[in-house]
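Please review the helix packing and backbone geometry of the model shown here. The briefing is arranged by topic.

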Amino acid sequence: MLFCNLLCYFHYLQYNHVLHLYIIKSGFLNNYYKTNVMGTLNMLGLAKRIGARFLLTSTSEVYGDPLEHPQKETYWGHVNPIGVRSCYDEGKRTAETLTMDYHRGGGVEVRIARIFNTYGPRMCLDDGRVVSNFVAQALRRQPMTVYGDGKQTRSFQYVSDLVAGLMALMEGDHIGPFNLGNPGEFTMLELAQVVKETIDPMATIEFKPNTADDPHKRKPDITKAKHLLRWEPKVSLREGLPLMVKDFRQRILDE
């Protein structure tokens, strides 16, 4: 089940490991903070009680709208603490703080992964993430929604690469944090073009005003993961996207 869908609210306990994997896709923004803070405290408490190794899946959002490019794990970030994205961004930053506090003060063995944009089969069709948005819209013959001028960049990793990275992290001896992402960088317009080439060359784009505090650039420096975890992504966007499209096409046909 871990291979099927990592983009969900999920706690997994096996082999004396606690994997704290969670993302709320929608709802009142305060829920993000409650999940990141209270959920992390609950899972850290569980890990401490049973003597388990704890994994926190953090996010590239801890870097905010970065002034460093690409982003290394040593970069402290550039985050608006009172913006519309703050409940998620600062919630994840707090979760990392709590994790390290439990490690230093409570002796809990921990691992921290900072996950960059991930895509693959069995994602929610309408979860609001850019890859699933573009794919679902193109398959439904709707215009792909691009916010702002479409020149902001993101890096996209296929889900199997992420799973391999998380396994390497949990089986290794290093705490992290580690960037887990594909360094291939695409503007939103370039992503839309790849989706068009994969699904429908006649697909169109609809531009809308950008959201507040939207990061201008996002690209992981994975030197640390390559060196210490012996991990790097293997699946390119053009290789992974058709696998996602096949799954989305079948589910949209069944709607």
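This is a predicted model: local features need pLDDT of at least 70, side-chain atom pairs count only at pLDDT 80 or more; totals for chains, interfaces and linings use all residues.

Residues are numbered from 1 along each chain as its sequence is written, and side-chain values use heavy atoms, with hydrogens and water left out. Helices (H or I, at least four residues) and strands (E, at least two) are DSSP runs, numbered from the N terminus.

**Packing of H3 and H7**

- Helix H3 (residues 130-139) packs with helix H7 (residues 237-253) at an angle of about 55°, and their axes are 10 Å apart; axes are lines fitted to C-alpha atoms, for helices over the stretch in contact, and angles run from 0 to 180 degrees between N-to-C directions.
- H3 and H7 are therefore oblique to each other; angles under 35 degrees count as roughly parallel, over 145 as roughly antiparallel, 65 to 115 as roughly perpendicular and the rest as oblique.
- The crossing of H3 past H7 is right-handed, the term for a near helix turned clockwise from the far one by less than a right angle, with anticlockwise being left-handed.
- On H3 the contact (heavy atoms within 4.5 Å) involves Val131, Ser132, Val135, Ala136 and Leu139, and on H7 it involves Leu241, Met244, Val245, Phe248, Arg249 and Ile252.
- The contact of H3 with H7 has nine nonpolar, one polar and one charged residues; Ala, Val, Leu, Ile, Met, Phe, Trp, Tyr, Cys and Pro count as nonpolar, Asp, Glu, Lys and Arg as charged, and the others, Gly among them, as polar.

**Packing of H5 and H7**

- Helix H5 (188-199) and H7 cross at roughly 60°, their axes coming within 10 Å.
- That angle makes H5 oblique to H7, and the crossing of H5 and H7 is right-handed.
- H5 contributes Leu191, Val194, Val195, Glu197, Thr198 and Ile199 to the contact, while H7 contributes Leu237, Arg238, Leu241, Pro242, Val245 and Arg249.
- By class, the contact of H5 with H7 has eight nonpolar, one polar and three charged residues.

- Eight of the 10 residues of H3 are buried, where buried means under 20% relative accessible area, exposed over 50% and partly exposed in between (1.4 Å probe, protein chains only).
- Val131, Ser132, Phe134, Val135, Ala136, Gln137, Ala138 and Leu139 are the buried residues of H3.
- Their cover includes strand E5 (118-119), strand E6 (144-147), H5 and H7.
- Helix H2 (residues 86-106) has 21 residues and spans 28 Å from first to last C-alpha, close to the 30 Å expected at 1.5 Å a residue; the expected span is 1.5 Å times one less than the number of residues.
- Buried residues of H2 include Tyr88, Asp89, Lys92, Glu96, Leu98 and Met100.

**Cis peptide bonds**

- His69 and Pro70 are joined by a cis peptide bond with omega about -10°, and Pro70 lies in the loop between strand E3 (53-59) and H2.
- A cis bond also runs from Gly176 to Pro177, with omega near 5°; Pro177 lies in the loop between helix H4 (159-171) and strand E9 (178-180).

**Positive phi**

- Arg122 is not a glycine, yet its phi is positive at about 70°; Arg122 is in the loop between E5 and H3.
- Asp213 has a positive phi near 60° and lies in the loop between strand E11 (205-208) and helix H6 (223-228).
- Asp213 is partly exposed, at a relative accessible area of 36%.
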